Amino acid sequence: MENSRPTAVAGLFYPASTHELADMVNYELAQVTARPEYHPLAIIAPHAGYIYSGAVAASVFKTIQPLRSIIKRVVLIGPSHRVGFQGLALSSADFFKTPLGSIRIDKQAQAKLLSIPDIMLLDQAHANEHSLEVQLPFLQQVIDDFSLIPIVAGNASSELVSQAIDTLWDGTETLVVISSDLSHYHNYQTAQQLDDDTSQSIVELDYTAIHSANACGYVGINGMLLFAQQHHLKASLVDLRNSGDTAGEKDSVVGYGAYIFEE
């Protein structure tokens, strides 16, 4: 019997209908204007409801499309919004489901991670978590076929996250996706300044400057920045907006940034 992690936020963060979801993702990808040619090995993408952050997410997922037949697995790291724990949490599921189909979990890769202290199986952390789930439909539309290593980050050091990425790193066939929104619930001008500062820290690979007030996925971001330092990757800003630019009021906004890491 298939052991699958079902959708938790279909119909809330994105359409539950297969056709509506595919149309929405493809529409957002089609709106992305021509950009310089990127060769992303890792990305940071936002994880809010698609009406708020979908356009920003599309801007960075669009950079992956030229690699759609090359990428074979995705390491996906997002923050835990509902369950507190120490370390990094994997899932016991064999598949993660979305309205666009099932994605196979790379069990061999997970076995390597489980040999590292503070990395564990913890299905409770995955059950209702949206930070990973909302990235999956975009991945399904821009990559032909891939396996998944889904990781929910609790209270974990940058060194642990970097070690997890390093354990699975094999160049162009593996894509790392860090899921994070930026500042939360400031007025428009304050959010812009905060998010500009966070973006500068990301581009400079400063893994000591970003905290929970700057980005909800700061654990994954900082681990990625440390890994990028160690492997001589460069980070670039692709898009930076907030909910006041997309589908919300300007008095209390959430920031969304899209970034890539290349050699």
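How many salt bridges does the count come to? I worked on a predicted model, and the count comes to 6 salt bridges.

**Entry 1: Arg 68 and Asp 144.** I looked up Arg 68 and found a salt bridge to Asp 144, with the closest N and O atoms 2.7 Å apart. The two residues belong to distant parts of the chain, 76 residues apart. I placed Arg 68 in the loop between helix 2 (50-61) and strand 3 (73-79). Asp 144 sits in the loop between helix 6 (136-142) and strand 8 (147-153). The relative accessible area of Arg 68 is 27%, so I logged Arg 68 as partly exposed.

**Entry 2: Arg 73 and Asp 106.** I then took the salt bridge in which the side chains of Arg 73 and Asp 106 meet, at 3.5 Å from N to O. Arg 73 is in strand 3, and Asp 106 is in the loop between strand 6 (101-104) and helix 3 (107-113), so this pair ties together parts that are 33 residues apart in sequence.

**Entry 3: Lys 107 and Asp 94.** I noted a salt bridge between Lys 107 and Asp 94, whose closest N and O atoms are 3.6 Å apart. Lys 107 belongs to helix 3, while Asp 94 is in the loop between strand 4 (88-90) and strand 5 (95-98), so the parts tied together are 13 residues apart in sequence. I recorded Lys 107 as partly exposed, with a relative accessible area of 35%. Asp 94 is partly exposed as well, with a relative accessible area of 30%.

**Entry 4: helix 9.** I checked the length of helix 9 (residues 218-230) against expectation. The helix has 13 residues, and at 1.5 Å a residue these should span 18 Å. The end C-alpha atoms are 18 Å apart, which agrees. I also looked up burial and found helix 9 mostly covered, with 10 of its 13 residues buried. Among the buried residues are Val 219, Ile 221, Met 224, Leu 225, Leu 226 and Phe 227. Asn 222 is also one of the buried residues of helix 9. Just after helix 9, I noted that His 232 takes a positive phi of about 60°.

Entry 5: What is the strand order in the open sheet of 3 strands? I read the order as 1-5-6, with mixed pairing. Strand 1 (4-5) and strand 6 are the edge strands, each pairing on one side only. I looked up both pairings. Strand 1 and strand 5 run parallel and are joined by 2 bridges, and Ser 4 stands opposite Phe 95 in strand 5. Strand 5 and strand 6 pair in the antiparallel sense over 4 bridges. In this pairing I found Lys 97 opposite Ser 102 in strand 6. Strand 5 and strand 6 form a hairpin, with 2 residues between them.

Definitions and conventions. Residues numbered from 1 in each chain as written. Predicted model: local features only at pLDDT ≥ 70, side-chain atom pairs only at ≥ 80, totals over all residues. Heavy atoms only, no water. Salt bridge = Lys/Arg side-chain N within 4 Å of Asp/Glu carboxyl O. Buried < 20%, exposed > 50% of the residue type's maximum accessible area, 1.4 Å probe, protein only. Expected span 1.5 Å × (residues − 1). Pairing = 2+ DSSP bridges.
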